Amino acid sequence: MQVVRVAGHSSFRRRLMELGLVPGTRVELVRVAPLGDPVELLVRGASLSIRKAEAGEIEVAQGSVSPAGKPVPKAVGFEPDLSV
Amino acid sequence: MASTTTDRDPTSTSTTSSHEAAPAQPLVLLVGNPNTGKTTLFNRLTGQNARIGNYPGVTVERRSGSSRLDGNRLVEVVDLPGTYSLSARSAEEQIALWAVLGQGQYRAPDLCVFVADASQLSRNLYLALQLAELGLPLIVALNMIDEAGENPPNTAAIEQLLGVPCVALSARRGSGISALLAAMERALVEKPTPRPLVSYPPELLADAEELSASLPAALRQPASRARALALWALTSIEEDDELTEIDPGLRAATLALRRASRRDLDHEVIAARYSFIDEHLPKLYRRLDRHPRKRALSERADRIVLHPLWGFGLFMLVMLVLFQSLFSWSDPAISLIEDAFAWLQGGLTTLLPAGIFRDFVTQGLVSGVGNVLVFLPQILLLFFFIGLLEDSGYMARVAYLMDRIMKSLGLHGRAFVPMLSGFACAVPAILATRTMERQRDRLLTMLVIPLMTCSARLPVYTLIIGALFPPTRAFGFLPVQGLLMVGMYLFATVLTLLSAGVLGRTVVKGRKVPLILELPPYRLPSLRGTLKMMWERATVFLKEAGTVILACTVALWVLLSFPRAPEPAAAPPAVAASHTGSAPASAPPSSIAQSYGGRLGHAIEPALKPLGFDWKIGVGLIGAFAAREVFVATLGLVYGIDAADDDATPLRDRLRAETRADGEAAYTPLMGLSLLIFFAISCQCMSTLAAVKRETKSYRWPAFMFAYMTGLAYLLSFTVFQVGRLLGF
């Protein structure tokens, strides 16, 4: 999956983008914590955990996306299906 | 490529260096992401002479030390707090930029060493690009090269890309350190300065240009740095940020520009940097592997460690061992310290001539030092575990597993270990809040920890429950006394959690910062780093909290011993050496009664009456401020019972027999319940307050803690006692 866009409150959004979650970056959902939160993502070789509420602000898409985030084939958020 | 040739230990030559860095020593800053082994590298570079101070205005620890370079030159090395970016929203995050620029109270560095994790280059380079834009003398320390696997980054390519020297090393194994020292030495002469590398969109550059005019004059040159600072302002300054020392003109101009702009400025800045990284990253490797083997192994381990069943089983086991060690294994060492101080007291009592001076030495000074040292076993043990947990990478997993629960209380997942430690003793637990990065998280955790049922409350509970509650069984099988003990633990735990929820929404509100938790790969913990941390924490505690505890012990001794009883045999009461409060020789009940403390007990009696307490309990409460368990010894003295803390039976019987003027029993089960509740909540521990004072660097927070806990204790005890009376108990 690739990042299409990051939404949410400006300071947290900036922090996520600074951690490398910019449009076009590959991101993998590794697992959900046993109690349901947080979720573990694999970004740029690093294992990053954030809470579901914030993960939902990261819009991702299957397949490739241009770095500008323009063509969005079938965008899916992290929210709908977290059964990994 | 810099290598792993024969390394010498840089510390061996620097042990003679003076502890106060002369201002003439060049300043070298270690800058880098969290979890890049900066502190390990710092320890390698500075050896035994590290000093822990504080950054101006914030409670973030500043670690500095000196290191001797090859040419026998001493440099001062400072380990900056780890950060993913220079952009900041809080005073804590601002330290990084202010320190590299030498703004405010910071001395301008002569060299920055950028510490990178060789297997996390993609993200690490983001910070490197920011440093490059500032045009500061820079070299790159490519750390953890041993973990990078068969395809390590190519240092020559990194040098070429950034235009500054790069040395590969492993701070844990100690390889590459001498090459780094040599590179530092050359860099201090040659001042290798990177150029800005990222090309930003023209409209963003125009904004930056416009904003640079609002920078303070000293920061406007050179132009490239002014542009970098303008970009920093655009991605940091906001209406509700918590930055300090920002020029008002710059703030106004930035906010105006952000408001006027319809564009996504954050995205423009950050995406431009990452597109540079994505473009050049492939050049830095020989092959583009997916991820190093280390990560794959960790991932496999995490399938068990973070498993809903096995993961929690392991978690409970680890926490059980940690708790058990604090609660029981520390006991022999604590007893040893107590015995040693009791022996010292006894020895001095026979050696010195009787009088105020002897009492001051034995009851004030010796027991004061004992009161401080008695915390060492638990502090050392707790930090031993924390060191292992942090180093191995498990602490981040603890936070990951517990975050769901801790979040609902407004606490950070990392607050779990300090909170759990609070069941043993609040003092080491408060010191352990260091493991959290944010000041708000630390403060909130610190404020609620003392509500947990620490082991010092046990002797008090045992006395009260044993004396005032019948050893009968409810419903024929439930022992009332045992039930009450369990009930007190449950009550305190629930209250702690509730308080965290309330305080987190009111007093320590702060900005809600979403969790970002990095799960580092598992590593073998380093004993060396752990021992060093134990040593550091212990010395900081002794130096800073210890002095406060000692002073309080002496003050309490004065309060409970003066004015002195006429008969010389009257021994002062116990402000005892600590956790068991060894009370000195027997005293007639009158001596403590007429002391200032005794008078204070009388004076506060009207306030305590509605709670069901008399002045004797009042004196006990005053004595208990030294440490809760001293309540038993002090109450013993009030009743003229010797060594009540060693065998509480006579005191227990005495409490049962105590009658009021009308012949009714003075102490009823209802009063007992009220007293239990008071002890559960009130902040009766000067050592806890001293620890909070040390960690928050203020008197405000310990004062607040004392007020809220004691106020709440009063309120609840009052309610229980009065409602109980109305109900006819």
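In this predicted model, the C-alpha centres of domain 1 and domain 2 of chain B lie 24 Å apart. Where the two domains touch, domain 1 of chain B contributes 23 residues and domain 2 of chain B contributes 20 residues. Chain B also forms a contact with chain A, to which chain A gives 30 residues and chain B gives 35 residues.

**Domains of chain B and their contact**

- Chain B is divided into domain 1 (27-190), domain 2 (202-284) and domain 3 (537-726).
- On the side of domain 1 of chain B that touches domain 2 of chain B, the elements giving two or more residues are α2 (91-101), α3 (121-134) and α4 (155-162) of chain B.
- Of these, α3(B) gives the most to that side, with seven residues.
- By class, the residues on this side of domain 1 of chain B are 13 nonpolar, eight polar and two charged.

**Overall form of chain B**

- The secondary structure of chain B consists of 30 helices and 10 strands.
- Chain B has a radius of gyration of 30 Å, close to the 27 Å that the globule rule gives for 729 residues, so chain B is as compact as a globular protein of that length.
- Taken along the principal axes, the box filled by the C-alpha atoms of chain B is roughly 90 × 60 × 55 Å.
- Buried residues account for 50% of the 729 residues in chain B.
- Of the contacts in chain B between residues at least 6 apart in sequence, 73% join residues at least 24 apart.

- β5(B) is mostly covered, with seven of its seven residues buried.
- From β5(B), L111(B), V113(B), V115(B) and D117(B) point one way, while C112(B), F114(B) and A116(B) point the other way.
- Six of the six residues of strand β6 (residues 138-143) of chain B are buried, so β6(B) is largely enclosed by the rest of the structure.
- From β6(B), L138(B), V140(B) and L142(B) point one way, and I139(B), A141(B) and N143(B) the other.
- In a regular strand, side chains alternate between the two faces of the sheet.

**The nonpolar core**

- The largest nonpolar core has 226 residues, of which L29(B), V113(B), F114(B), L131(B), V140(B), L142(B) and M184(B) touch the most other members.
- Leaving aside neighbours within four places in sequence, L131(B) is in contact with V31(B), V100(B), C112(B), F114(B), L136(B) and L138(B).
- In soluble globular proteins, nonpolar side chains tend to be buried together.

**Chain A**

- Chain A contains two helices and six strands, and from the N terminus on its elements run β-α-β-β-β-α-β-β.
- Buried residues account for 45% of the 84 residues in chain A.
- Of the contacts in chain A between residues at least 6 apart in sequence, 44% join residues at least 24 apart.
- Strand β3 (residues 39-43) of chain A is joined to β4(A) by five bridges, and the two run antiparallel; L42(A) stands opposite S47(A) of β4(A).

**Contact of chain A with chain B**

- Chain A gives 30 residues to the contact and chain B gives 35 residues.
- The elements giving two or more residues to the side of chain A that touches chain B are α1 (10-18) and β4 (46-50) of chain A.
- The largest share of that side, eight residues, comes from α1(A).
- By class, this side of chain A has 13 nonpolar, seven polar and 10 charged residues.
- β4(A) is joined by two bridges to strand β10 (residues 517-518) of chain B, and the two run antiparallel; S49(A) stands opposite L517(B) in β10(B).

Conventions. Residues are numbered from 1 along each chain as its sequence is written. Chains are lettered from A and ligands numbered from 1 in the order in which they are written. This is a predicted model: local features need pLDDT of at least 70, side-chain atom pairs count only at pLDDT 80 or more; totals for chains, interfaces and linings use all residues. A nonpolar core is a set of buried Ala, Val, Leu, Ile, Met, Phe, Trp, Tyr and Cys residues joined through C-beta atoms within 7 Å. A residue is buried if 20 or more other C-beta atoms lie within 10 Å of its own, exposed if 12 or fewer, and partly exposed in between; C-beta atoms are placed from the backbone. Two residues are in contact if their C-beta atoms, placed from the backbone, lie within 7 Å. Helices (H or I, at least four residues) and strands (E, at least two) are DSSP runs, numbered from the N terminus. Ala, Val, Leu, Ile, Met, Phe, Trp, Tyr, Cys and Pro count as nonpolar, Asp, Glu, Lys and Arg as charged, and the others, Gly among them, as polar. Two strands pair if DSSP finds at least two bridges between them. The radius of gyration is taken over C-alpha atoms; the globule rule is 2.2 Å times the number of residues to the power 0.38. Domain bounds come from an automatic or database domain assignment.
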